[in-house]
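Me: I have a model open on my screen and would like to learn how to read it. Could you take me through it feature by feature?

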Amino acid sequence: MRRAADRIAGLILAGLAAGTLGAVSTSAAPAGAASTDLKSEGPTQPAKVQDGQYTDKNGDPTYHVTDGGKKVDWYTMSGYVRYNSNCIVCHGPDGMGSTYAPSLVDALKGMDYAHFAGIVVGGKKDVNASQELVMPAFGDNKNVMCYLPDIFTYLRARSDGALGRNRPPEHEPKPAAFEKAEDACMK
Ligand code: HEC
């Protein structure tokens, strides 16, 4: 059994390996980046984009939804796919919740990336519920950890109302950096 601290460390490494968090938060925005390129549907506007990944003013991953909700950034698309293979069984289609697990469309309102990551890495148990509800810990599951910013980004778009239900019809191209980081993380 790995300690929670090790899990968190592993998570941070996964984030760095994925070339996402570390790279995005330390690099400066390109001078004169056109604000129109960053404009998104929904209330949260990206402050920066690097290698196809958008981040908000706090450096948290965020979505880039355009074309009236029809087109999404690569990370939102990837998050949709990963959500559907790892989370849908309990949290229901499109993050809407089920009789067993809460709606993540609701839960993500006001939840930042660090809080989200902590729950997914370490799990959560509702000891007060009449039925024992368990959110499993995914800290050792690469199919989740290597795509954690992606899943957050997708759920944030759903929670913000920037993205409707079902599979996004169009997406931005897969960044070369994503593919490289994915290979490194999944190894
Ligand atoms: C085996 C069922 C199951 C799976 C699979 C599952 N969850 Fe959960 N999850 C739960 C339950 C049950 C809760 C509520 C736990 C509680 O209330 O303490 C929960 C709670 C959460 C919460 C906190 C919600 C809140 O209101 O605080 C988040 C965030 C979350 N899950 C994300 C995910 C993500 C992302 C995935 C996929 C990687 C996932 N879950 C997969 C059952 C599951």
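Reply: Happy to; we will go from the overall fold to a helix, the core, a sheet, some loops and the ligand. Keep in mind that this is a predicted model.

Me: Let's begin with the overall fold. How many helices and strands does the protein have?

Reply: The secondary structure comes to 10 helices and seven strands. Of the 187 residues in the protein, 36% are buried. Among contacts between residues at least 6 apart in sequence, 67% join residues at least 24 apart.

Me: What does the same length check give for helix 4?

Reply: The 13 residues of helix 4 (residues 74-86) should span 18 Å at 1.5 Å a residue, and its end C-alpha atoms are 18 Å apart, which agrees. Buried residues in helix 4 include W74, Y75, M77 and Y83.

Me: Which residues have the most contacts inside the largest nonpolar core?

Reply: In soluble globular proteins, nonpolar side chains tend to be buried together. Here the largest nonpolar core has 34 residues, and Y63, V120, L148, I151, L155 and A157 have the most contacts inside it. Helix 4, helix 6, helix 7, helix 8, helix 9 and helix 10 each give two or more residues to this core. The largest share, six residues, comes from helix 9. For a close look, take A157: leaving aside its neighbours within four places in sequence, A157 is in contact with G42, Y63, V65, V72, T76, A162 and L163.

Me: Now the strands. In what order do they lie in the open sheet of three strands?

Reply: Strands of a sheet pair through backbone hydrogen bonds, either parallel or antiparallel. In this open sheet the order is 1-2-3, with antiparallel pairing. Strand 1 (48-50) and strand 3 (61-62) stand at the edges with a single partner strand each, so one side of each is left without a neighbour in the sheet. Strand 1 and strand 2 (residues 53-55) pair over three bridges, and the bridge partner of V49 is Y54.

Me: Where is D51, and what is its phi?

Reply: D51 lies in the loop between strand 1 and strand 2. Its phi is near 50°, a positive value in a residue other than glycine. D51 counts as partly exposed, with 16 C-beta neighbours inside 10 Å. N166 also has a positive phi, of about 75°, although it is not a glycine. N166 is found in the loop between helix 9 and strand 7 and is exposed, with 9 other C-beta atoms within 10 Å.

Me: Finally, which residues come nearest to the ligand?

Reply: Of the 23 residues around the ligand, C87, C90, A107, D126 and M135 come nearest. By class, the shell has 18 nonpolar, two polar and three charged residues. Helix 5, helix 6, helix 7, strand 5 and strand 6 each supply at least two residues of the shell.

Technical notes:
Residues are numbered from 1 along each chain as its sequence is written. This is a predicted model: local features need pLDDT of at least 70, side-chain atom pairs count only at pLDDT 80 or more; totals for chains, interfaces and linings use all residues. A residue is near a molecule or strand if its C-beta atom, placed from the backbone, lies within 6 Å of it. Helices (H or I, at least four residues) and strands (E, at least two) are DSSP runs, numbered from the N terminus. Ala, Val, Leu, Ile, Met, Phe, Trp, Tyr, Cys and Pro count as nonpolar, Asp, Glu, Lys and Arg as charged, and the others, Gly among them, as polar. Two strands pair if DSSP finds at least two bridges between them. The expected span of a helix is 1.5 Å times one less than its number of residues. A residue is buried if 20 or more other C-beta atoms lie within 10 Å of its own, exposed if 12 or fewer, and partly exposed in between; C-beta atoms are placed from the backbone. A nonpolar core is a set of buried Ala, Val, Leu, Ile, Met, Phe, Trp, Tyr and Cys residues joined through C-beta atoms within 7 Å. Two residues are in contact if their C-beta atoms, placed from the backbone, lie within 7 Å.
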